[in-house]
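Visitor: I would like to learn how to read the strands, cores and helices of a model. Could we go through one example together?

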Amino acid sequence: MTKLPSLFLVLTLVSVFVCGFGKRIPILSFDEGYSQLFGDDNLVLHRDGKAVHLSLNERTGSGFVSQDLYLHGYFSASIKLPADYTAGVVVAFYMSNGDMFEKNHDEIDFEFLGNIRGKDWRIQTNIYANGSTSVGREERYNLWFDPADDFHQYTILWTDSQIIFYIDNVPIREFKRTAAMGGDFPSKPMSLYATIWDGSDWATNGGKYRVNYKYAPYVAEFSDLILHGCAVDPIEFSSKKCDTTSQSLELSATITPSQRSKMDSFRRKHMTYSYCYDQTRYKVPPVECVINPREAERLKRFDPVTFGGRRHHGKRHHRSRASRSEADTI
């Protein structure tokens with residue numbers, strides 16, 4: 001990696017309006033901000049580099065990575081997922097520094113988990129910090145739309161004090177830093193990644209349904225790529241302009257009452273798992289968890305063994321997902 005001559009990459013004139021920033025944020029072409037990570041010709045550029053197709057076939061998956069490291073920022077892409085039978089397929093849009101900090105890496109994840117025909121994609125968010133991979137902070141959700149029908153915007157906003165995940169500018173998860181967490185909050189510079197790969201061992205029903213390459217290639221489409229943040233030197237991990245950028249991000253990270261109402265509605269209707277309520281893993285919720293009684297009650301009804309503390313007896317039966325009539329909108 002090379003040091004940026006200024007805070008931001010050279011940007012295209014194309015831009016999008018981002019709710020909360022009060023301004024337009026430029027969109028990058030692929031060559032301006034990213035490099036191929038793996039996959040050879042399974043990564044294909046379209047629209048003069050404004051769109052990227054990642055494919056998975058019997059030979060390999062594929063992926064790309066930002067050319068620079070960032071300490072905080074707004075990272076976004078419009079993504080259209082593969083259709084039809086996608087069991088075992090994992091599409092990921094995430095930040096990580098695992099290549100530099102093998103034993104104490106940080107990570108902020110969007111993961112899209114494929115499914116059998118007739119069943120919807122599921123989305124998972126996760127956060128690791130300081131190598132705390134044994135303390136996964138997973139949440140899983142159903143969506144109110146089919147992510148294979150059209151493009152939808154997925155965003156990670158990372159500041160010094162909180163992380164917010166958005167879908168189509170609607171916040172779906174807020175993760176706040178607390179003093180009690182100690183070092184368990186992402187605090188080291190990270191790169192942005194996008195990948196598609198074979199997760200047959202775990203992605204769909206714990207590995208029950210695997211990737212079927214009869215339906216390959218599986219193609220995930222990416223566009224509207226945004227890297228808006230504090231780019232840092234890969235050796236010194238410093239940038240003189242980071243303080244100014246971080247202040248701007250903190251101001252933009254305020255969730256408005258309208259956004260919070262939408263977030264509460266999304267979580268009430270679509271969240272199917274949260275580690276904060278998992279009584280089989282944690283007798284006492286982790287220190288950063290803020291327990292919402294309505295979320296707790298809904299998850300307890302959804303899975304009384306995991307979220308209600310009931311003892312497991314015999315074969316476990318899962319409640320089917322909420323009816324589409326309940327989930328049409330947020």
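Predicted model: local features only at pLDDT ≥ 70, side-chain atom pairs only at ≥ 80, totals over all residues.

Visitor: What is the strand order in the open sheet of seven strands?

Guide: Strands of a sheet pair through backbone hydrogen bonds, in either a parallel or an antiparallel way. Here, strands (E, at least two residues) and helices (H or I, at least four residues) are DSSP runs, numbered from the N terminus. Two strands pair if DSSP finds at least two bridges between them. The order in the seven-stranded open sheet is β4-β5-β16-β7-β12-β13-β14, and the pairing is antiparallel. Its edge strands, β4 (43-46) and β14 (170-176), each pair on one side only. From one strand to the next the twist averages 20 degrees.

Visitor: Which helix packs on that sheet?

Guide: Helix α3 (residues 257-270) does, touching β13 (162-167) and β14; contact means heavy atoms within 4.5 Å. The direction of α3 makes about 90 degrees with that of β14. For such angles, axes are lines fitted to C-alpha atoms, for helices over the stretch in contact, and the angles run from 0 to 180 degrees between N-to-C directions. Serine 261 lies in α3. The C-alpha atoms of serine 261 and proline 171, 90 residues apart along the chain, are separated by 9.6 Å.

Visitor: Is serine 261 buried, partly exposed or exposed, and what is its relative accessible area?

Guide: Buried means under 20% relative accessible area, exposed over 50%, and partly exposed in between (1.4 Å probe, protein chains only). Serine 261 has a relative accessible area of 45%, so it is partly exposed.

Visitor: How many bridges join β5 to its partners β4 and β16?

Guide: β4 and β5 run antiparallel and are joined by four bridges, with leucine 45 opposite valine 52 in β5. Their hairpin has four residues between the strands, and arginine 47 takes a positive phi near 50 degrees there. Strand β5 (residues 51-56) also pairs with β16 (residues 218-232) in the antiparallel sense, over six bridges. Alanine 51 stands opposite serine 223 in β16, and serine 55 has valine 219 in β16 as its bridge partner. As for burial, five of the six residues of β5 are buried.

Visitor: What is the strand order in the open sheet of eight strands?

Guide: The order is β3-β6-β15-β8-β9-β10-β11-β17, with antiparallel pairing. β3 (34-38) and β17 stand at the edges with a single partner strand each, so one side of each has no neighbour in the sheet. Neighbouring strands are turned by 15 degrees against each other on average, direction ignored. At one end, β11 (residues 139-141) pairs with β17 in the antiparallel sense over three bridges, and tyrosine 141 has methionine 271 in β17 as its bridge partner.

Visitor: Which cysteines does a disulfide join?

Guide: A disulfide is a pair of cysteine sulfur atoms within 2.5 Å. By this rule the count is one disulfide. The disulfide joins cysteine 276 to cysteine 289, with S to S at 2.0 Å. The link of cysteine 276 and cysteine 289 is left-handed, with -85 degrees about the S-S bond. Cysteine 276 has a relative accessible area of 13% and is therefore buried; cysteine 289, at 14%, is buried too.

Visitor: Which residues have the most contacts inside the largest nonpolar core?

Guide: In soluble globular proteins, nonpolar side chains tend to be buried together. A nonpolar core is a set of buried Ala, Val, Leu, Ile, Met, Phe, Trp, Tyr and Cys residues joined through side-chain atoms within 4.5 Å. The largest one has 64 residues, and Phe64, Phe110 and Phe222 have the most contacts inside it. β16 gives the largest share of this core, eight residues. A second, separate core of 10 residues includes Tyr74, Leu157, Ala253 and Ile255.

Visitor: Which residues of α4 are buried?

Guide: They are Glu295, Arg298, Leu299 and Phe302. These residues cover an arc of only 95 degrees around the axis, which puts them on the same side of α4; the arc is that of the directions from the helix axis to the C-beta atoms. Their cover includes α3, β17 and α5 (304-308). The face of α4 turned away from its buried side carries the exposed residues Pro293 and Arg301.

Technical notes:
Residues numbered from 1 in each chain as written. Heavy atoms only, no water.
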